[in-house]
Amino acid sequence: MDLIPAPRDVQTPDDDLVFRLDEDTSLGGGPGTEGVQRWLRAVLGASTGLPLPAGGQDVELTVVADLQPEEYRLRVNAERVSLTAGGEAGLFWGAQTLRQLLGPEAFRRAPVKREGWALPCVDIRDAPRFAWRGVLLDVSRHFLPKADVLRYVDLLAAHKLNVLHLHLTDDQGWRVEIKRYPRLTEVGAWRARSMVGYRDGGLRDDRPHGGYYTQEDLREIVAYAAERQITVVPEIDIPGHSQAAIAAYPELGNHDVVDTAALATWTDWGVNPNVLNVEDGTLRFYENVLEEILAIFPSTFVHLGGDECPKEQWQASPAVQARIKELGLNDEDELQSWFLRHFDSWLAERGRRLIGWDEILEGGLAPGAAVSSWRGYEGGIAAAKAGHDVVMCPEQQVYLDHRQADGDQEPVPVGWVRTLEDVYRFEPLPPSLRQDAAAAAHVIGAQANLWTEFMDDVREVDYHAFPRLAAFAEVAWSRLSLEPADRDFAGFDARMAAHYARLDALGVEYRPASGPRPWQQRPGVVGRPIDGQPPQV
């Protein structure tokens with residue numbers, strides 16, 4: 001079976017019997033199955049042209065009490081199809097498996113064949129390894145229109161990935177409508193030009209760039225994702241990565257040391273020195289922002305960044321130094337911790353949880369906070385051992401903006417070479433946690449990150465995401481060997497032959513195994529490759 005991600009257990013009969021779908025094949029189910037029935041009828045109806053009428057039991061969906069919510073069992077014999085699960089999520093993942101079994105044509109939006117639809121007889125038992133199987137989509141550095149985000153929701157769902165982390169704000173653009181503060185999108189959503197490649201190349205495109213999502217756009221994305229069992233986690237990055245907000249509202253910046261009124265939305269990539277001040281007015285401003293964010297996003301977790309916050313302006317600011325003294329803090333690291341603890345408590349009072357990049361460990365971790373461990377495993381290990389939940393997303397392993405091969409053919413070659421095989425051998429649970437069951441239980445999942453400084457449209461995003469995101473999906477879902485060297489990459493690569501056909505049907509412009517297509521190359525654009533191999537676990 002060429003299924004991706006690989007199921008936990010697959011049993012096939014010795015014969016070659018199949019279940020055939022035709023005009024009379026019915027699709028039905030009991031209570032709690034209505035949403036998945038609706039989705040399955042819509043996608044298979046579009047690709048097969050079959051009506052799949054309700055009321056019968058040819059293809060039957062059932063929720064049962066003895067399976068976990070995301071666990072499912074798919075049984076196909078020559079007479080009927082039975083899909084049972086512990087909840088709607090499990091049914092949906094089982095439906096994705098059923099779709100894969102029908103062949104790549106089942107992933108098209110209109111029929112390319114009218115007959116010959118059949119499922120192989122099989123008995124599949126399956127459940128995910130991790131609860132958080134995430135993908136970060138950076139829509140700040142380069143804005144993706146709503147239709148492209150919805151398309152990526154479908155691509156995540158097809159790979160049984162269940163968290164979409166939307167990076168909505170940064171120095172280069174503010175992408176969410178906040179009705180109380182309209183200048184965040186009137187000013188902060190637009191920049192005059194963009195850097196092309198890394199700064200050493202000196203290239204600029206001199207085209208204004210921008211865009212934002214209305215609150216109704218985001219509610220639509222959230223609802224669309226929820227129908228596909230995906231949680232959308234918003235990120236509002238503070239106190240660093242905030243120049244777009246400061247450009248819109250200069251009073252948010254350190255105006256006693258910088259002429260914040262002269263700042264515009266940033267047009268470079270990298271770490272920006274312009275960070276938020278720590279005045280009470282700034283705390284109230286972001287509380288008001290988050291009130292509107294919580295009304296849009298029902299997710300338990302809200303990501304508040306906390307990464308790459310240079311301290312030079314705080315060190316130079318008399319107002320900030322007075323604040324440190326007033327609070328009885330020792331230094332700027334403790335001030336950042338105090339700043340984030342404020343919002344941790346604020347979110348907790350509203351039934352939500354803060355998650356941030358691993359820099360939030362510096363100066364003391366907010367009590368209820370969770371950590372996205374991006375600078376390696378170390379932050380995640382420390383947080384897990386201290387009893388904090390962790391999402392492992394080390395840049396050395398699963399930053400998908402990093403190049404996929406050596407040589408000058410890769411578009412904007414940055415970072416380490418991370419091949420399809422490298423991603424397949426990523427292990428979220430490091431050896432130092434495997435002997436500590438309590439700490440290991442705090443590794444709630446893994447995430448692959450698509451930072452878009454060097455991806456200026458969805459075709460570029462496709463190139464960097466796929467096929468590596470398929471490998472990541474199997475790491476996050478399947479029960480692979482804990483020892484990366486022992487994993488059967490050859491077997492996965494063989495299954496990818498069928499999966500490439502599915503991606504073709506979905507219109508994904510992935511990087512071919514043979515190398516980038518001519519249009520995917522960007523000659524003359526300077527990147528920032530890192531030689532050698534990244535540090536291992």
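Let me start with helix α2: 13 of its 14 residues are buried, so α2 is largely enclosed by the rest of the structure. Buried means under 20% relative accessible area, with exposed over 50% and partly exposed in between, for a 1.4 Å probe and protein chains only. Helices (H or I, at least four residues) and strands (E, at least two) are DSSP runs, numbered from the N terminus.

On provenance, this is a predicted model: local features need pLDDT of at least 70, side-chain atom pairs count only at pLDDT 80 or more, and totals for chains, interfaces and linings use all residues. Residues are numbered from 1 along each chain as its sequence is written, and side-chain values use heavy atoms, with hydrogens and water left out.

Just after α2, G103 has a positive phi of about 105°.

Now the sheet. Six strands make an open, mixed sheet in the order β1-β8-β5-β6-β4-β3. At its edges are β1 (9–11) and β3 (27–29), each pairing on one side only. Pairing here requires that DSSP finds at least two bridges between two strands. Within the sheet, β5 (residues 72–76) and β6 (residues 81–85) are antiparallel over five bridges, and V76 stands opposite V81 in β6. Helix α2 packs on this sheet, touching β4, β5, β6 and β8 (122–126). Contact means heavy atoms within 4.5 Å.

**Aromatic pairs**

How many aromatic pairs does a search of the whole structure find? The count is 20. Rings of Phe, Tyr and Trp (its six-membered ring) pair if their centres lie within 6.5 Å; planes under 30 degrees apart are stacked, over 60 edge-to-face, and the rest tilted.

One of the pairs is W93 with W477, edge-to-face at 6.3 Å centre to centre and 75° between the planes. W93 sits in helix α2 and W477 in helix α17 (residues 468–477), 384 residues apart. Both of these tryptophans, W93 and W477, are buried. For W357 and W451, the centres are 5.8 Å apart and the planes at 50°, so that pair is tilted. Both W357 and W451 are buried.

**Cysteines**

The structure holds zero disulfides, a disulfide being a pair of cysteine sulfur atoms within 2.5 Å. C309 is buried at 8% relative accessibility.

How values were computed
Axes are lines fitted to C-alpha atoms, for helices over the stretch in contact, and angles run from 0 to 180 degrees between N-to-C directions.
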